[in-house]
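Please review the structure shown below together with the report that accompanies it.

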Amino acid sequence: MNRITRILAFCLLAGLQQAAAQTDTTKQAVTWDFTAQPGADGKPVLVLHAHILDGWRLYSTTMPDSLPNSRVALDSSAKTTISGIDEQGQSRNQQEPLFNNATTRSFTGDARWLVHLQSSAADTNDLKGTVTFMAIYKDSVIGPLEVPFRYGHTAGGALVAKAAGLQESASSLKLMTIDLAKPVNNCGGTGTEGTSGLLGIFVLGLLGGLVGLVMPCTFPMIPLTVSFFTKRSASRSKGIANAFLYGFFIFLVYVLISLPFYFLKGNNANILNTISTNIWINMAFAAIFIVFALSFFGLFEITLPSSISNSVDAKSNISSVGGIFFMALTLVIVSFSCTGPILGSLLVGALDQNGGALQLTVAMAGFGVALGLPFALFALFPNWLHSLPRSGNWMNTVKVVFGFVELALALKYLSNADLVEHWGLLKRETFFVIWIAIDFACVAYLFGFIKFHKDGPSKITNGRKALAAVFLVFGLYMIPGLTNSESAKLPLFSGIVPPWNYSWYGNRDEHLINNYERAIQLAKEQHKPVLIDFTGWACTNCRNMEEHVWPKPGVQELITNDYILVSLYVDDRKLLPDDQQGLVTTADGSKKEIRTIGDKFATLQSENFKSVSQPLYVLISPDQKLLTRPVGYTPDAKAYAQWLQCGLDAFKQLQSTAKAQ
């Protein structure tokens, strides 16, 4: 095993060294210039000028896909098409030994490719595309490599080449009027101000972990934990060892999360939110839950291949440890939409201080201990279940019920992807319909109306009836969620199901503003302060605030009558218009890509308010002065109302000062 590992490591290192050595040459093998000219028919022609390094040959666009070739393609948003390509330059046809002596066409020296367009006169948008090429030097072939190009229109309608890719933006997302250290009124705060010392940070992380443990995204992982250790624990002692190893790995994963931040700057902290809301990650975990559910229903068994099962004990032990680590990693990732807001305040706060990465590691360690230790203790229960008499089919019943629960959890992660991408497939009521169906199917199973092929003859015990009654009440409770009434809000599911406004019944809040610039404009017109709500489509605590705190008396009146509310979604994957995309310079001098709405708002938050957690609430004046310290998740409606009133008092103070001057 060690010998194989050393060989693989040597091969990998050698490959990396070779790749590094070839990188500079590869980049210089073919370079490109882009211009445009009118064609004989009056339609525009793109001129792609290739400068080919001595000894290299650039393959022609006329080559078939089965042989090395080059291609020119326009972006899918283009309203024109390519009608033909004329290739100019010193070309040659020759047989290639590397490709079974097939005859290829290639260019040396310089080549000019004239790309004729079937242009649309009405199209004034930038024209974007790529040239994808392959080239050869002796017996070394590179590619396909992509080089982007971009053309804009002059006032007369002619095409001119522009720099491709994201360009540095002339505007900055840093608001020079914001001074976090000097709000007008010194009230509010996220709770992390003034925290100093590693012990204090560890305790803060420990408390955050205890809060994260009771979050709705964490507790549902318990069935997965039970099922996993039920299958793997051959004896009580083995179960205890696996349980505490599981808890240790939870702790370890959180500590490992902090390691990249020894090399990253604070403005990259939002990467954690990006990962947790990534559609492919959410869909992957949904698929994992569905596979587990089908396995628990008895359709198949999730087992190791026989070749691995029959291997030596050493390999078996490695597999066991790897499996437990995977379970710990799964818990950390899928629960992040709930635990992320708790970690977020620690994250940027730590990175902005001296030795911030170390402080972040300590905070993560405290969080991991608080979250991992209870799970490790709970994971002991499967061994206690194993020690009970194995009479009846109650264990299979437990597995099947967990299967239904995991189907419901899978829908949650599919919903996260749907919300972020705005597919509109899992509106709030659709979500409830599917959950109600899953719930009633579980009730039918517990009452014996549905059977799976691994179910033996079993009596409908009082325990099954009681559990069925719980699921039945649960399902009946969800039915009002299908209506368009106040009873449809269902506080028990706040933050778990899609938001109130993502509904069959359309926009339930016609006054919702998601545009920062528009909010500032309205604030100036109406002479009101602005309540900025940094939120996320997949943010659980954001929904809790919107559905349980904002509607409360004393809060709703202040928001509706005295503030301009703007909700900025930091996980929105919708692309910004071309003229709003670009590279912005962050506070630490690095460049950050702004492509999507979420990129813009996440950077606006982190650059100005030193936080990447959601929700984050900020009160500013129409001229963008900070009225109070920002606050995060505040489930106490009275405290939230006091903070809003403090901001309103600060705004009135600014107005009085302005009048006096």
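## Basis of the model

The model is predicted: local features need pLDDT of at least 70 and side-chain atom pairs count only at pLDDT 80 or more, while totals for chains, interfaces and linings use all residues. Residues are numbered from 1 along each chain as its sequence is written, and side-chain values use heavy atoms, with hydrogens and water left out.

## The disulfide

The structure holds one disulfide, a term for a pair of cysteine sulfur atoms within 2.5 Å. Cys187 is joined to Cys646, with an S to S distance of 1.9 Å. The link of Cys187 and Cys646 is left-handed, with -105 degrees about the S-S bond. Because Cys187 lies in the loop between strand E9 (159-162) and helix H2 (198-213) and Cys646 in helix H19 (residues 637-660), the pair ties together parts that are 459 residues apart in sequence. Helices (H or I, at least four residues) and strands (E, at least two) are DSSP runs, numbered from the N terminus.

Cys187 and Cys646 are both buried; buried means under 20% relative accessible area, exposed over 50%, and partly exposed in between (1.4 Å probe, protein chains only). Cys442 also counts as buried, because its relative accessibility is 0%.

## The three-stranded sheet

Three strands form an open sheet in the order E11-E10-E14, with mixed pairing; two strands pair if DSSP finds at least two bridges between them. Strand E11 (564-569) and strand E14 (616-620) are the edge strands, each pairing on one side only. On average, neighbouring strands of this sheet are turned by 20 degrees against each other, direction ignored.

Strand E10 (residues 530-535) runs parallel to E11, and six bridges join the two. Thr535 has Tyr569 in E11 as its bridge partner.

## Helices on the sheet

Helix H15 (residues 516-526) packs on the sheet and touches E10, E11 and E14; the direction of H15 makes about 175 degrees with that of E11. Helix H16 (residues 540-549) lies across E10, E11 and E14, at about 140 degrees to E10. Contact means heavy atoms within 4.5 Å. Axes are lines fitted to C-alpha atoms, for helices over the stretch in contact, and angles run from 0 to 180 degrees between N-to-C directions.

## The E12 and E13 pair

Strand E12 (residues 582-585) is joined to E13 by four bridges, and the two run antiparallel. The bridge partner of Thr585 in E13 is Lys591.

In strand E13 (residues 591-594), Lys592 and Ile594 make up the covered face, whereas Lys591 and Glu593 make up the uncovered one. In a regular strand the side chains alternate between the two faces of the sheet.
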